[in-house]
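User: I would like to learn how to read the features of a model like the one below. Please take them one at a time.

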Amino acid sequence: METKPLITLLRYAAIGGNILFILWILFNAMDEGFQGTLPEKLSAIGLIGLLSVNSILLLRKASQKTVNN
């Protein structure tokens, strides 16, 4: 059984999920007028940062795989 297409599909699904989650966080922030306590703001910024780094690393890994193959 070939697992490469499945892994590629899961990688892009994870990237899409990360992007959707970032957009959801931003939508909720806009809905609240970007108001919140300092811990809420810091946690949102930290979560967006982590999701962004995760997506970038997944994209880099996918592009390296295509270059190496």
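**Reading the model**

Analyst: F34 is exposed, at a relative accessible area of 52%; buried stands for under 20% relative accessible area, exposed for over 50%, and partly exposed for what is in between, with a 1.4 Å probe and protein chains only. The model is predicted, so local features need pLDDT of at least 70 and side-chain atom pairs count only at pLDDT 80 or more, while totals for chains, interfaces and linings use all residues. Residues are numbered from 1 along each chain as its sequence is written, and side-chain values use heavy atoms, with hydrogens and water left out.

User: Where does F34 lie, and what is its phi?

Analyst: Most residues other than glycine have a negative phi. F34 is not a glycine, yet has a positive phi of about 55°. F34 lies in the loop between α1 and α2 (38-68). Just after α1, G33 also takes a positive phi, of about 70°.

User: How many helices and strands does the protein chain have?

Analyst: Helices (H or I, at least four residues) and strands (E, at least two) are DSSP runs, numbered from the N terminus. The protein chain has two helices and zero strands. Its radius of gyration is 16 Å, well over the 11 Å that the globule rule gives for 69 residues, so the chain is more spread out than a compact globule. That radius is taken over C-alpha atoms, and the rule is 2.2 Å times the number of residues to the power 0.38. Along the principal axes, the C-alpha atoms fill a box of roughly 50 × 20 × 15 Å.

User: What span is expected for helix α1?

Analyst: The expected span of a helix is 1.5 Å times one less than its number of residues. Helix α1 (residues 4-31) has 28 residues and reaches 40 Å from its first C-alpha to its last, close to the 40 Å expected.

User: Which residues of α1 are buried?

Analyst: They are R11, I15, N18, I22 and I25. Over the protein chain, 13% of the 69 residues count as buried. N18 has 9% relative accessibility and therefore counts as buried.

User: Which residues does N18 touch?

Analyst: Contact means heavy atoms within 4.5 Å. Not counting residues up to four places away in sequence, N18 touches L51, N54, S55 and L58.

User: Is R60 buried, exposed or partly exposed?

Analyst: R60, found in helix α2, is partly exposed, with a relative accessible area of 48%. R60 and W24 are 36 residues apart in sequence and 24 Å apart in space, C-alpha to C-alpha.
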